[in-house]
Structure formats: C-alpha cells, structure tokens
Amino acid sequence: IPPTTAGLRHDERMTENGEDKDLHQFSEAQEKGDLSVTDVITHKEHSDALRPPATKTDGEISSYQPRPPSLPRRLKHIKSGSVEERVRTRRLRNSQESLSDPAETGSSTDSLKEDQSHQAPGGFVVIGAATSRNDQDSTVGPISPVMTGSPVFRDRGSSLSEYERRPQSQQSDSADHRVRSSKVRLSPVQPTGPLPALEKTFASATLRAANRIDRDCLDYMVLAKEKLGDRLHRNLSDSRLLENMGSDSASVNSMRSTYSVLSPIRPQDVRNRSFLEGSVLGSGALLGAEELDRYFPDRRVGIYIATWNMQGEKGLPANLDDLLLPTDSEFAQDFYIIGVQEGCPDRREWEIRLQETLGPYYVMLYAASHGVLYLTVFVRRDLIWFCSEVEHSTVTTRIISQIKTKGAVGIGFTFFGTSFLFITSHFTSGDAKVYERILDYNKIVEALALPKGLPDTNPYRSTPSDVTTRFDQVFWFGDFNFRLSKNRVDVENMINRTVGDDMGPLLECDQLSKEIKDGSIFKGFQEAPIHFLPTYKFDIGCDIYDTTSKQRTPSYTDRILFRSRQAEDIQVIKYTSCSSIKTSDHRPVIGVFQVKLRPGRDNIPLGAGQFDRSLYLEGIKRRITRELKRREAMKNQSSSTICTIS
C-alpha cells in the first residue's frame, strides 16, 4: 500500500523525546478542553488501529486482523475573505462496521445525500452523517465516527495549531463553512483575442404570420435531426426560410416552451372563461392585445385581392398558380379574396379549383354570389378562430335584366378588433355611360345592408347612407367599366410611346381617375399607382387588343380601390395585372396589401372555426391526384424503348 494511502509510519510519528506525535497533540488538546467525547472515542479507535499486531505465544494466535485504511476523501476548498483556507476532509468508511453498527439508521438512499459540514466549538470541522426521513424531526442525529478534526488528519494536512496561530481576520467564519457550496467553481474563460463576426444575425425583424415558420415544425425538425442526423424533414416548412434563418440549438430546443402560441390553460380558466361573452380587453381575451401580438408581432395582416372578368367562359385555365401564387412574391398572404365578374357557369367547380391551387394551408371562410358575380374569401387555417361570423349582401343595379350581370356582392366580418368589407361589382358598360356608372355606385353604397348582426367597431364614424363608412377597412374591386376618353388610334400611339412602366399619359384621360378627383364617386377611396398596361380588351389567347369590327379602345376597366378609417392603415405591396392568363378578353388584376390590426373585444359572435369542409377535401384530393399524375408522366419520360436512363 502506498504511504499516501496507508498513513505515516510509526517512526515518523515519534518526537525527539520518543513520544508519539499524535498522543502529544491529543494531550495538549485535552488539557485545553477543545476535545469532545466523540474526539476521545475517535482517538481511542485510532490508537487501537495503530497498535502493532500481537505476537504468537504458546500456540496462541492474536485475534487482531490488520486491514488497510480507506482511500482519502476528495479535498474541498473553501474560500473565506481574501485568504483561501484549504480544509482537507477525509472519511474512513468500513462497510463491515456500518453493517454491524446498531446505531446506524440511515437508509441506502440516504447515503446518496450530500453531507453538510459544520464547525465544532473547539474549531474541529465535523461532518455529520445523512439521516433518514424518520429522523428529520429529532434534535440529535446519528454521528459519523469519522472526525476531520482527529489528530491523524491534523497531522496529514493543515493542523489545528497552525490554523489557530493565524490572525483572526484570516480565519474563516463558521457560517461560511455551512453556507458555501462544496462544488468547485471554475473561473470564467476570457477570450484571448477579438471574437469573429457572426455570419447571420439572430436579432431579425419580427415575422408576420404569413411568413413565420410554425414553431411546432421546428420542434419536429430537432427530433428528426437527433434521430436521422442531417436528413431533415424539409416538407414541414419552407426550405428557403430555414436556410436563411439563423438560430442556435439552445433557442430551438426551448422554442416550444418559451415562444409557443399554445399557452397552458388552467382548469379554473376553463370553468369560468367564455369567449362568446363579455367585453374583456385585458389579459386572456381571445381577441385581445396579448393574443394579437402572438400571431402578428407587427400587427399587420397580409391580404391578397384578385379581380377578373371571366367573360362567361366554360373552360378554366389549366393552372391558376400565376393568378394566386405568383413567383415574384416572397411570401404567401394571410387572406385571399377573389372577385369574379361574368363567372363560369359552374361556380362550384371554380371554388374547387381555387382550393386546389391554394392547397392545405388555406380554407374557404365564405363564398357569396349574385348571378354571375362570385366573391370568395380564403384564410389561413390557424387564423380561422379569430374571425367573426361572416355576413354578405347583394345589390342589383339592372332590374330589367333576367340574368343578374350588373350589381355588387359584399362580404363583411371582423378579424380580431378590425372590421373588413370586401365588395366586388360590375358597373354599366359603354364608353360614354359615365353617369350611369356613377348611379350604380351610389345605389350600391346605399342599398348594401351590412353589417347585420356584427357590432360596429366605431359607430361614431358611421353613416347610414354609406356602407363603406361602417367598416374599418374597405376594399372595392371589380369591372367598373370606366374607359379612356380617347380614340383607338391615339391610345395605341400612347401605348407604343410608353417607356418602362410610366402610364402617366394614359391615366390623364382615364374616366375613373377624373371622377374620383371631382368627388363624384368612391369618396374617401384611394388607388395605388398604375404601372401596367390596360387590361381590356384583348383577343382571347393572345396579347393583341380588340381586332373585331367594334375596335374597342383599350382601357383600365378592372380596378382595386381601398378605404380606411385611419390614415396609413393600408400599405400597398403590389398592384399589377396577370398577363399569363389569356382565356378571357380581360386580364386579371391583383393587389397585395398590408393592413394594420387592432385588438378587439370578446363580445362579437365568433365563427367557431367554420369553413367549407367538403370543398376542402375535394380540393386536396384533386391536388394529390394532380401530383401523382405529374410524377407518373415524369417517370414515363425518363424511360425509352432504346435505352434506359437510371
């Protein structure tokens, strides 16, 4: 056994006078009165352990069996003030004595508890054994037979006399021994040089609900990475967003618990809270500020509006992606509003095609029609719970006609605390019938009976004779049939002289722009600058304007206008035409807007998440079927009768 573990030899413990150092120090401590009864017992056990073995006499063998001492316990460093005092504590454990000791009451699990050290009155550091739960109330627990203040430990480490000889200011307080943790604390590592610059910033701008990655998807990606390595499930979210998004593992792992929109609900809240009653604006309101900030940190919602005169064609375009999902848009929007004039005969087929194009992320919130006027509202699935009940109303401007081709359809609802009104209309046609079109507008704003049951968010600013004043945000779009007040030749010459997207010369003779400036129509409405060519009238299937005998003048008949109760609440992101769809004599016009939202009250009738489920299932079924056919076609193209491409 090495000397460090076996203890000091007997001759090394002898003084010059032949006395045992341990016995000499023990006697001095006993005279001073610094020893307790436990110390005396411990010293006696130590002296017996150091007594030389008995020799063999007359066939009699001594009963003493030598045993090696236990390994020393790990040192604990305790700092006090400016001087670092090292108190070396060791514990000699004997499994046989512990098992045979009748006073041992600690359980096997109690031995795992960390011992608490305290200082005895005589200056010895005593380590008390852990007690069981049954002994927690007792004033005196079982005492460990090992004392760090025993002479043998004073001799191996810092002796008690050396510690007492130090100044009082350098001696550690007994309270510090009890409070300070026994774990070793490493000093922080300081960088030797300047840190490298980060490639990606983590303090990115707040994302809208339209472009925010679902946090649940991030959690699933973390699990997938742990199980499958670097093979991530890219179909859970947009791969481009994930590649451009910087994050560390700690924030991603804690994202669900810290940033999840699914906050925990207490049973008491479930018992007492009703989102269909009350008028609460504070914490916990479904439509309040706290919930609004969870989904829209910048409090702006994306709205995509498309208006198109289909000319009553039965055949729909093969693909509507260019109409609803243009490639020049970075993100999809939260709401998709599609207004159609002279729609196809099969309205249901048109709605299924829209659902098929938008895919599983969107559901049809509401759809209304008036003859061949169709108005459809799609919304993201996770936002449907914050929509109120949807109401619609229709107005006919041509009573004599049996087929309702002229008039308007309006849909109104409240989203959080902001009320929306969407109107699609078809005014009287004819180059010179400006007055008739103004009459159509006036009739619509007076006869459109909205809202019906929804509360007005700002009744003090409402006018009974104008429906557009009874909503916070109003979008009016459709085929207004206003023309360019020039002959065909002059308009074509201006189009040919157009440089870039400057349409100023054409708009100078636009009838609608003139009437808006005069205040005779669309009072309080605005329109984004026009940077696209006239959308009427084309030959079907090509980009050539009307070549029939009528030679109609190209005009901006299809428009999108908007009005807001608060200035700057609506920001225009895009306003253009879709030139790739050529199945009608009109080109579709699309507009993308960012609209400011405000928190609302929980006193509005909610839609309770209702949507057209059968339409959703049919649209997704067609989408899957189309994808399977596309893959099958690609598979057939890759094979050949002459050679095979692997």
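This is a predicted model: local features need pLDDT of at least 70, side-chain atom pairs count only at pLDDT 80 or more; totals for chains, interfaces and linings use all residues.
Residues are numbered from 1 along each chain as its sequence is written, and side-chain values use heavy atoms, with hydrogens and water left out.

Q: In what order do the six strands of the open sheet stand?
A: Strands here are DSSP runs of E with at least two residues, helices are runs of H or I with at least four, and both are numbered from the N terminus. Two strands pair if DSSP finds at least two bridges between them. The pairing in this open sheet is mixed, and the order of its six strands is 7-8-6-5-15-14.

Q: Which residue of strand 15 is the bridge partner of Thr 576?
A: Strand 14 (residues 570-577) and strand 15 run antiparallel and are joined by seven bridges. On the pairing of strand 15 with strand 5 (residues 300-309), which is also antiparallel and has eight bridges, Ile 305 stands opposite Gly 591. For Thr 576, the bridge partner in strand 15 is Ile 590.

Q: How many of the eight residues of strand 15 are buried?
A: Buried means under 20% relative accessible area, exposed over 50%, and partly exposed in between, with a 1.4 Å probe and protein chains only. Strand 15 (residues 589-596) is largely enclosed by the rest of the structure, because the number of its eight residues that are buried is seven.

Q: At roughly what angle do the axes of helix 15 and helix 20 cross?
A: Axes are lines fitted to C-alpha atoms, for helices over the stretch in contact (heavy atoms within 4.5 Å), and angles run from 0 to 180 degrees between N-to-C directions. The axes of helix 15 and helix 20 (residues 613-638) come within 8 Å, and they cross at roughly 60 degrees.

Q: How is helix 15 oriented relative to helix 20?
A: Angles under 35 degrees count as roughly parallel, over 145 as roughly antiparallel, 65 to 115 as roughly perpendicular and the rest as oblique. The axes cross at roughly 60 degrees. That makes the orientation of helix 15 to helix 20 oblique.
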